[in-house]
Amino acid sequence: TSAIATAELDPLTHYCIVRADLSPGVQGANLIHAAGESSPGNLPDTTYAVALTCPDEPALLKLSARLSAAGVRHRAIIESEGPHAGQLMSLGLVPRPRSHLKKLLSSLPLLK
């Protein structure tokens, strides 16, 4: 198959995961931060962006460890100030074909 057909079947996907226990404004800010920190720059126009949620900081820490163990490059966003100082807030995964990440992320719900 051609590279275009392969990309359509298994699109490059930029996943960002944020804690569900945060307010919508804090979620938004941390998703933007995670996306910016994990993006390599000029992504193809066909890249999908997906925002997922994880219940809380302990669950996000476990997910980060699982991603590291699986060799998935990602950026952890840790708050530097305010009421959440020192806490893991979100993760941005370096974009990869969707099939590489589906098994690790399929249990996480989309951000609503």
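In the predicted model, Gln87 touches Arg19, Glu57, Ile77, Ile78 and Glu79, apart from residues up to four places away in sequence. Gln87 is found in the loop between E3 and E4 and is partly exposed, with a relative accessible area of 21%. One of its contacts is polar: the side chains of Gln87 and Arg19 are joined at 2.9 Å. Val26, by comparison, is 61 residues from Gln87 in sequence, and the C-alpha atoms of the two residues are 13 Å apart in space.

The partner of Gln87 in this polar contact, Arg19, lies in strand E1. Arg19 is buried, with a relative accessible area of 4%. Besides its 2.9 Å polar contact with the side chain of Gln87, the side chain of Arg19 reaches the backbone oxygen of Leu88 at 3.0 Å. When neighbours within four places in sequence are set aside, Arg19 is in contact with Gln27, Cys54, Asp56, Glu57, Leu60, His84, Gln87, Leu88 and Met89. The side chain of Arg19 also meets that of Asp21 in a salt bridge, with an N to O distance of 2.9 Å. Whereas Arg19 is buried at 4% relative accessible area, Asp21 is partly exposed at 43%.

A search of the whole structure finds 2 salt bridges. Arg75 is partly exposed, with a relative accessible area of 40%. Glu37 likewise counts as partly exposed, at 35% relative accessibility.

Strand E1, which holds Arg19, is mostly covered, as 7 of its 8 residues are buried. E1 pairs with E2 in the parallel sense over 7 bridges, and within E1 and E2 Val18 stands opposite Thr53. E1 is also joined to strand E5 (residues 96–97) by 2 bridges, and these two strands run antiparallel. Here Thr13 stands opposite Arg96 in E5. In a regular strand the side chains alternate between the two faces of the sheet.

The largest nonpolar core has 17 residues, and those with the most contacts inside it are Ile17, Leu63, Leu93 and Leu105. The elements that give two or more residues to this core are strand E1 (12–19), strand E2 (48–54), helix H3 (57–69), strand E4 (88–93) and helix H4 (98–105). H3 supplies the largest share, 4 residues. Leu105 touches Tyr15, Ile17, Leu52, Leu63 and Leu93, not counting residues up to four places away in sequence. A second, separate core of 7 residues includes Cys16, Leu31, Ala34 and Met89. In soluble globular proteins, nonpolar side chains tend to be buried together.

The structure holds 0 disulfides. The sulfur of Cys16 is 13 Å from the closest cysteine sulfur, that of Cys54, and is therefore too far for a bond, given a cut-off of 2.5 Å between cysteine sulfur atoms. Cys54 is accordingly in no disulfide, the nearest cysteine sulfur being that of Cys16 at 13 Å. Cys16 is included in the second core of 7 residues, while Cys54 is among the residues in contact with Arg19.

Note on methods:
Residues numbered from 1 in each chain as written. Predicted model: local features only at pLDDT ≥ 70, side-chain atom pairs only at ≥ 80, totals over all residues. Heavy atoms only, no water. Core = buried A, V, L, I, M, F, W, Y, C linked by side-chain atoms within 4.5 Å. Buried < 20%, exposed > 50% of the residue type's maximum accessible area, 1.4 Å probe, protein only. Contact = heavy atoms within 4.5 Å. Salt bridge = Lys/Arg side-chain N within 4 Å of Asp/Glu carboxyl O. Polar contact = N/O pair within 3.5 Å; in protein donor to acceptor, adjacent residues only side chain to side chain. Pairing = 2+ DSSP bridges.
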